[in-house]
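The sequence and structure come next.

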Amino acid sequence: MFFDRPKSGERAILVHLKLPNSHVRDDPREFEELVLSAGGDPVEFVTGQRSSIVAKTFVGSGKAEELRALVVLHEAEIVIFNHTLTPSQERNLEAIFECRVLDRTGLILDIFAQRARTHEGKLQVELAQMHHMSTRLVRGWTHLERQKGGIGLRGPGETQLETDRRLLRVRIKTIESRLDKVRKQRDQSRRSRMRTSTPTVSLVGYTNAGKSTLFNCITDAGVYAEDKLFATLDPTMRQINLPHVGKAVLADTVGFISHLPHRLIDAFRATLEEATHSALLLHIIDAADEERARNVEQVEKVLAEIGASEVPQLKIYNKIDLLEHSPRIDRDDQGKPIAVWVSAQSGKGIDLLFEALAECLGDHMIAGVLVFPVVVPAAWSRLRAKLYCAEAVGEESYDEHGNSHVSISVPQVELLKILSSEGIAEKDLEWSGVVPILNDNEEWQTSLSQKQG
């Protein structure tokens, strides 16, 4: 930080208090896993209960003295609270403990700073850190707030605190400008996928639910995956091929957690926007976690904050090998898949996952055999060529009359777009066997007009 603070280290004392006004039940076990994920060495876990928060030190004087004694006993180098502390509370507690004090937000920011690998990820973390740090400047430069006078000491009329605030604002503006470029690049890539009708499937879920392991199992991407919170921070996208659907893009995203700082949500909005524009969300759930219902609720809350609550969702219950469950697909009353039980570690149920994905994304697919007569207009020849360019043709055969039978599987909106570009009406298509139904409702017409635009 910007002030002289005691040297920080890894030997940590953890503090978790039960507060009556807390609407969300905190998990002390998750808090300890966060500290371990950050590289901390917990030597003591202090719990307690308070009816109200002390404005000056968050905890009461008795608890503060108890913590000070534990710091001396264990020679602790940092005290971490599973709560959000104000800048003044952090400084007052540091004066009492004579060691570094960190709250939950600062702990998560530290983990994110360790995990960021890409240029975009580092920018996002730095932006969140700058916003977090801006509220703590006033407590760090109290000894430099007064402007100096005298010969050789007169400055531009700006205190050290004002200088740092100005520099911080400039840096924040620079990072936001760079992240705007990242958003534009993502928008351009997204529009390109929309033009080719390539659906995007995003993996979302609570941290450490097994998203990256599942991502590697499906794509062989080899992304970093480990049994720790926030092992994945930087987004990764890979192309996959689904039966009866064709190409799709699979996106791995950062994990969610309860009390995720809003600044982090804002900073990672460029990344999380992939989820809002996806054709399908795969909500990865740790089936063996005792708190899985609470974790699902937290993920749904974050999805609502980023505007992705209306995106179709398929729940993936992972780690069934820890429960000795068999892989299966759960369906609703209409027979549509709503959940798949798999083990990304062992690979059990991955074939069922592909089957469910094909069903969820294949609702708007057109699959059938188009018949091209021996003599056709030029527009029909171009139609056949464009179907090949779109990689929509499975196989082609000829009957005794020389007519060409082309087996196709193509997104409905893509077929409508090709037909419109060649001026061919849907009713003029000749199909062999079962005739696919082309839905011409308002939704598809709107989608078609957007793609043509």
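In this predicted model, helices H4 and H5 cross with left-handed geometry. Their axes come within 10 Å, at a crossing angle of roughly 155°. Angles over 145 degrees count as roughly antiparallel, so H4 is roughly antiparallel to H5. The residues that make the contact are listed by helix below.

| Helix | Residues in the contact |
|---|---|
| H4 | Thr-105, Gly-106, Leu-109, Phe-112, Ala-113 |
| H5 | Val-125, Ala-128, Gln-129, His-132 |

Sorted by class, the H4 and H5 contact holds five nonpolar and four polar residues, and no charged ones.

The nonpolar cores are described next. In soluble globular proteins, nonpolar side chains tend to be buried together. Here the largest nonpolar core has 29 residues. Within this core, Ile-80, Leu-107, Phe-256, Leu-281 and Leu-303 have the most contacts. At least two core residues each are supplied by strands E1 (11-18) and E3 (78-81) and by helices H1 (28-37), H4 (104-115), H9 (269-276) and H10 (292-305). H4 gives the largest share, four residues.

Leaving aside residues up to four places away in sequence, Leu-281 touches Ser-202, Val-204, Ala-275, Leu-303, Ala-308, Val-311, Pro-312, Gln-313 and Leu-314. Another core, of 27 residues, lies apart from the largest one; Leu-214, Val-342, Ala-356 and Cys-360 are among its members.

Notes:
Residues are numbered from 1 along each chain as its sequence is written. This is a predicted model: local features need pLDDT of at least 70, side-chain atom pairs count only at pLDDT 80 or more; totals for chains, interfaces and linings use all residues. Side-chain values use heavy atoms; hydrogens and water are left out. A nonpolar core is a set of buried Ala, Val, Leu, Ile, Met, Phe, Trp, Tyr and Cys residues joined through side-chain atoms within 4.5 Å. Buried means under 20% relative accessible area, exposed over 50%, partly exposed in between (1.4 Å probe, protein chains only). Contact means heavy atoms within 4.5 Å. Axes are lines fitted to C-alpha atoms, for helices over the stretch in contact, and angles run from 0 to 180 degrees between N-to-C directions. Angles under 35 degrees count as roughly parallel, over 145 as roughly antiparallel, 65 to 115 as roughly perpendicular and the rest as oblique. A crossing is left-handed if the near helix is turned anticlockwise from the far one by less than a right angle, and right-handed if clockwise. Ala, Val, Leu, Ile, Met, Phe, Trp, Tyr, Cys and Pro count as nonpolar, Asp, Glu, Lys and Arg as charged, and the others, Gly among them, as polar.
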